[in-house]
Amino acid sequence: MYCSNCGKELLEGAKFCPYCSSIQENNQNQVFIPQSEINDKQEVITEPPVDNHSANLLCTISLILYFGGPITTFMLYLVMAVGYSTTESLGIFGNVLSLMTLLSSMSGLAAYVLMIIARVKYPKSKYAKVVMWIYIVLFILGIIAFAALAIYCGWYIGNCLDKLGQMG
Ligand SMILES: [Zn+2]
């Protein structure tokens, strides 16, 4: 048997606890469970440990794909702008730029797919929600920018070039 007050093991039929001096009444067959242990068990039941590791990994790879391609391409364009005066002098560097532009648009698509997978598989992941909203906002901004450019240019590339020519 165990003490009904402090939980220490007592001799069978003990009338009082030698550790805390509390009187023992009819607890011969009871097993003492300290209150702290009960609380621990309840916490485990109400809040199961959520493993967000996979969701976080998916979101991080998605962000790297989304921003990595365009940033790398943009850096290459900067290097080109500084190092080369004309497109004719680009040579193989021009091919690398074209390839990077293609790759960054493909990695952008892959980033969307990974984000959707993360949202579907881990609907409670806050990271995935944040990433989704970043993409939605950037997508809307992109459409607005494209629409503004298209309206400004009167939808015609020739017209656009004329206007840019007049400006510059
Ligand atoms: Zn006791």
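**Reading the helix packing**

Guide: Let us begin with handedness: α2 passes α4 in a left-handed crossing. Please bear in mind throughout that this is a predicted model.

Visitor: By which quantities is such a pair of helices described, and what are the angle and distance for α2 and α4?

Guide: Two packed helices are described by the angle between their axes and the distance between the axes. For α2 and α4 the angle is about 20 degrees, and the axes are 8 Å apart. Angles under 35 degrees count as roughly parallel, and α2 and α4 are therefore roughly parallel to each other.

Visitor: Which residues of α2 and α4 meet?

Guide: From α2, the residues are A55, N56, C59, S62 and L63; from α4, they are Y127, A128 and V131. By class, the residues of this contact of α2 with α4 comprise six nonpolar, two polar and no charged.

Visitor: How should I read the spacing of such positions along a helix?

Guide: An α-helix has 3.6 residues a turn, so residues three or four places apart point the same way. In the present case, A128 and V131 of α4 are among the residues that meet α2.

Visitor: How many helices and strands does the chain contain, and in what pattern?

Guide: The protein chain has five helices and zero strands. Along the sequence the pattern reads α-α-α-α-α.

Visitor: At what angle do α2 and α3 pack?

Guide: The angle between α2 and α3 is about 160 degrees, with 8 Å between their axes. Angles over 145 degrees count as roughly antiparallel, so that α2 and α3 are roughly antiparallel to each other. This crossing, of α2 past α3, is left-handed. The residues of the contact of α2 with α3 divide into 21 nonpolar, nine polar and no charged.

Visitor: Are α3 and α4 parallel or oblique to each other?

Guide: Their axes cross at roughly 140 degrees and come within 9 Å. α3 and α4 are therefore oblique to each other. The crossing of α3 past α4 is again described as left-handed. On the α3 side, Y112, M115, A118 and R119 take part, and they meet A128, V131, M132 and Y135 of α4. The residues of this contact of α3 with α4 comprise seven nonpolar, no polar and one charged.

Visitor: How does the end-to-end distance of α3 agree with its number of residues?

Guide: The general idea is to compare an expected span with the distance between the end C-alpha atoms. Helix α3 covers residues 92–121, and its 30 residues at 1.5 Å a residue should span 44 Å; the end C-alpha atoms lie 43 Å apart, which agrees. For α4, the 27 residues should span 39 Å, and its end C-alpha atoms are 39 Å apart, in agreement.

Visitor: Which residues of α3 are buried, and what covers them?

Guide: In α3 the buried residues are A111, L114, M115 and A118. Their cover includes α2 (53–83) and α4 (126–152). By contrast, α4 is hardly covered, with two buried residues among its 27. Over the protein chain, buried residues make up 11% of the 168 residues.

Visitor: Why does L65 count as buried?

Guide: L65, which lies in helix α2, has 20 other C-beta atoms within 10 Å and is therefore buried. Leaving aside residues up to four places away in sequence, L65 touches S107, A110, A111 and L114. L65 and A110 are 45 residues apart in sequence, yet their C-alpha atoms are 7.1 Å apart in space. For the protein chain, 49% of the contacts with a separation of 6 or more join residues 24 or more positions apart.

Visitor: How far apart are S4 and E25 in sequence and in space?

Guide: S4 and E25 are 21 residues apart in sequence, and their C-alpha atoms are 8.3 Å apart in space. S4 is in the segment before α1 (35–46). With 17 C-beta neighbours inside 10 Å, S4 counts as partly exposed.

Conventions: Residues are numbered from 1 along each chain as its sequence is written. This is a predicted model: local features need pLDDT of at least 70, side-chain atom pairs count only at pLDDT 80 or more; totals for chains, interfaces and linings use all residues. Helices (H or I, at least four residues) and strands (E, at least two) are DSSP runs, numbered from the N terminus. The expected span of a helix is 1.5 Å times one less than its number of residues. A residue is buried if 20 or more other C-beta atoms lie within 10 Å of its own, exposed if 12 or fewer, and partly exposed in between; C-beta atoms are placed from the backbone. Two residues are in contact if their C-beta atoms, placed from the backbone, lie within 7 Å. Axes are lines fitted to C-alpha atoms, for helices over the stretch in contact, and angles run from 0 to 180 degrees between N-to-C directions. Angles under 35 degrees count as roughly parallel, over 145 as roughly antiparallel, 65 to 115 as roughly perpendicular and the rest as oblique. A crossing is left-handed if the near helix is turned anticlockwise from the far one by less than a right angle, and right-handed if clockwise. Ala, Val, Leu, Ile, Met, Phe, Trp, Tyr, Cys and Pro count as nonpolar, Asp, Glu, Lys and Arg as charged, and the others, Gly among them, as polar.
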